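Me: I would like to go through the helix packing in this protein. Let us take it one point at a time.

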Amino acid sequence: RAEGAARRAGLSTQPIWRQLWDDVMKTRPPNSENITCWRKKFLETFFSNVLHGVLDVSSDWRLNDHHFSPLLHSSPHVSQLTLCNMLQGAVELAAEHNHKVLENLAGSLHVLKFQHLLSSDQSIRRSLVLLLHRLIHHGSVSQVSMYSWPVPDTVLLVLILSMSAGFWRSGNALAYQCGLCREDRAPSQELVQERAESGRDAEREGSSGENQKGFPEASVEADAHLNSVLSVPRSSPLQNQPCEEASSEGPCDHTSIQGGSSPRCGSGQLSCHPVLRKTRRRLKPAVGRKRRCLRRSRGPYADPEDLYDFVFTVAREGNSGLLDKTSSTEDENTENWTSSSPGSPCTGRAGCKKRGGPAGIFSLKAAQRFRSVSTLELFSIPLTGETCRTLSNLLSSWVSLENLVLSYNGLDANICCILSGLRALSRHPGCRLRVLRVSDVFSHMPCMELVRCILSAFPQLHTLSVSFDLKNQPEGNRPEGNPSCSEVEIPESCLEQLEIRFPREPLHTTFLQPVLKASKSLQQLSLDSATLPCSQELGLLLEALKECTPNLKKLSFHDVNLAEHQKEVLLLLQDPILQEITFSFCRLFESSTAEFLSEIINTVKRNSSLKSLKLPGNRLGNHRLVALADIFSEDSSSSLCQLDVSSNCIKPDGLLEFTKKLEGHIQQRGGQIQFTHLRLFQNWLDQDAETAQEALRRLKAVCSVVNDSWDSSQAFADYISVM
């Protein structure tokens, strides 16, 4: 209540919110040094803890008030939310008494995370459908992230993926209950009435010839509940926007599969009215049989225009299909969708084998299309072949997607299936995907080959990160049916940032050079855990960089042995274009002499373009750190702003000596120095706390210092234990 008055008076309330954290949360906040707004941090954490039952509101007298709703009060300040385990939070938020909380979240929430999920029953999935429809399709959630799901529930996973992509079954029982759907997608009342009359006639005609349970009338209470959850006043600008990628782009369910000219209609027109949906369900079995016959008569060659007419199969144990089943429509939205269409972007090459069969089919064009998220992240979630085919088909038309992160998903050969979906997506004129990050334990193909495959399929990428721990596929042994990408011509790309983590593979410049030639806009290059096959390889790489990447600003080597490449290291440090150079755990001084360190210092002193030098994990020690202070001497023309000497066996006395020498150089230069940041993570500063504190205090008067309270003795014990 006092926040507004304090803000108008120009007073900061941050100390109060910090104190409230201690009083209410009674825990130490993680990464407290990085918290910029304690009010936001407190209210977001408060909301999450109350939602998941971690915080007992009745235990604090200030909160134990029947006039006060903790969730309602804090929900407007929540921009990111994590749901976990059995999705208890989703069930609570979808409850009728929390519909105002859900309205607030629809306007404030931008990041939705799922963590450690377990299998769920139908009622929980139903609550999740309500939540996702409101927060994504009619809300402002732009990022969906999923973490740590060792044995994912396929139905639940595909449900989250498909709704994140903006798809929702038009046959879902909740569609016509959503007030926002009615306002955005329903036609005029006259047209509704006219179609309703014809629908009743068709229902009466078909009722005698078909044993169809149809759509049971929902109770008044249930209707009121769903409407209260899914509809809000039309006040927010985000809520006033119509559903993204309007349904006029897709044909209605009666469109001929052969590309005939049957009438087109918005999917919302058939889904937002109960009577019309009843009629359509009665016609579905006949339509389904007709489609299957047409597919058989069409032969193996699909019409190119059907490329985006993706057909999803329902992974069910029985043989009954979606188009023939008469079970509850509530269950329709939570089935597993996987590709089985000849026109699908997933082309069925090695690692992406399609399984046709008795499962039913459902055309993606017949689903409603809503607003979709722009960022999808999947961390430590195993993806089966079926799930990869589903994801591939969703990706192929997910034009709003800007960032895709696939981390430790056990893709293996299924990476080809994902690439197939990305290739189809790249052909969409409105495609926005610019960032792709793929990491896993095993690499199905050599890293450079995968990079070429991705860039040839999707040259619009601005950022590409490929990272693997171990090598799985022997070089020269390609998957059956998958031609080597090393022979594929890479079109000119828009790539600006490239990160490659090799699974101890040799770095061959001849394989990297075509990528560099196609990436004239490349500004950042990171090479991690590569081996250099010969002593000339690094020199060849530097020549290729100079020739092909005139705009390269940042270059990073991590865990690459450069002990025998001192000449190339010095050439990089005197490059007039590079602004940031990283040699991380590169064993720079393993076999070097004192002259090499002096040459490094003198080279950096003469380079006025280098802004950041990062040397973590190179065993600098005290004496080399003290020598580095000469970079800022009076005769230096260096513009170095940032220096990273983390993990370099630096002790408190060495840091204090470095500080004194740096102060002397600054005094000689009359205080004119551009040095602003020093990173000191994981050094031996705990060996003499008093000396370390003095050194840090004096350093902080010169620049910003980032360090941690690292226990060097424990770290050494851990190191010995794994030797």
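Me: How many helices and strands does the protein have?
Reply: This is a predicted model. Buried residues make up 54% of its 723 residues. Among contacts between residues at least 6 apart in sequence, 86% join residues at least 24 apart. The count is 25 helices and 20 strands.

Me: What distance separates the end C-alpha atoms of α16, and what span should its 12 residues give?
Reply: Helix α16 covers residues 415-426. At 1.5 Å a residue, its 12 residues should span 16 Å. The separation of the end C-alpha atoms agrees with that, at 16 Å.

Me: Is α16 roughly parallel or roughly antiparallel to α17?
Reply: The two axes come within 8 Å and cross at roughly 25 degrees. Angles under 35 degrees count as roughly parallel. That makes α16, relative to α17, roughly parallel.

Me: Which residues of α17 does α16 meet, and how does the contact divide by class?
Reply: From α16 come I415, L419, L422, R423 and S426. In α17 they meet L450, C453, I454 and A457. By class, the contact holds seven nonpolar, one polar and one charged.

Me: At what angle do α17 and α18 cross?
Reply: Helix α17 spans residues 447-457 and helix α18 spans residues 509-518. Their axes come within 10 Å. They are roughly parallel, because the crossing angle is roughly 20 degrees.

Me: Is the crossing of α17 and α18 left-handed or right-handed?
Reply: On the α17 side, M448, V451, R452 and L455 make the contact. They meet F511, L512, P514 and V515 in α18. The contact has seven nonpolar, no polar and one charged residues. As α17 passes α18, the crossing is left-handed.

Me: How do the axes of α20 and α21 lie, roughly parallel or roughly antiparallel?
Reply: Helix α20 runs over residues 566-573 and helix α21 over residues 594-606. Their axes come within 9 Å and cross at roughly 15 degrees. That makes the pair roughly parallel.

Me: Which handedness does the crossing of α20 and α21 have, and which residues meet?
Reply: Q566, V569, L570 and L573 in α20 meet F596, E599, I600, T603 and V604 in α21. The contact divides into six nonpolar, two polar and one charged. The crossing is right-handed.

Me: Is A692 buried or exposed?
Reply: A692 lies in helix α24, residues 689-700. Its relative accessibility is 3%. Under 20% counts as buried. So A692 is buried.

Me: Which residues does A692 contact, leaving aside neighbours within four places in sequence?
Reply: The C-alpha atom of A692 is 8.1 Å from that of K651, 41 residues apart along the chain. The contacts of A692 beyond four places are P652 and L685.

Note on methods. Residues numbered from 1 in each chain as written. Predicted model: local features only at pLDDT ≥ 70, side-chain atom pairs only at ≥ 80, totals over all residues. Heavy atoms only, no water. Axes fitted to C-alpha atoms, helices over the stretch in contact; angles between N-to-C directions. Helix = DSSP H or I, 4+ residues; strand = E, 2+ residues; numbered from the N terminus. Parallel < 35°, antiparallel > 145°, perpendicular 65-115°, else oblique. Left-handed = near helix turned anticlockwise from the far one by under 90°. Contact = heavy atoms within 4.5 Å. Nonpolar A, V, L, I, M, F, W, Y, C, P; charged D, E, K, R; others polar. Expected span 1.5 Å × (residues − 1). Buried < 20%, exposed > 50% of the residue type's maximum accessible area, 1.4 Å probe, protein only.
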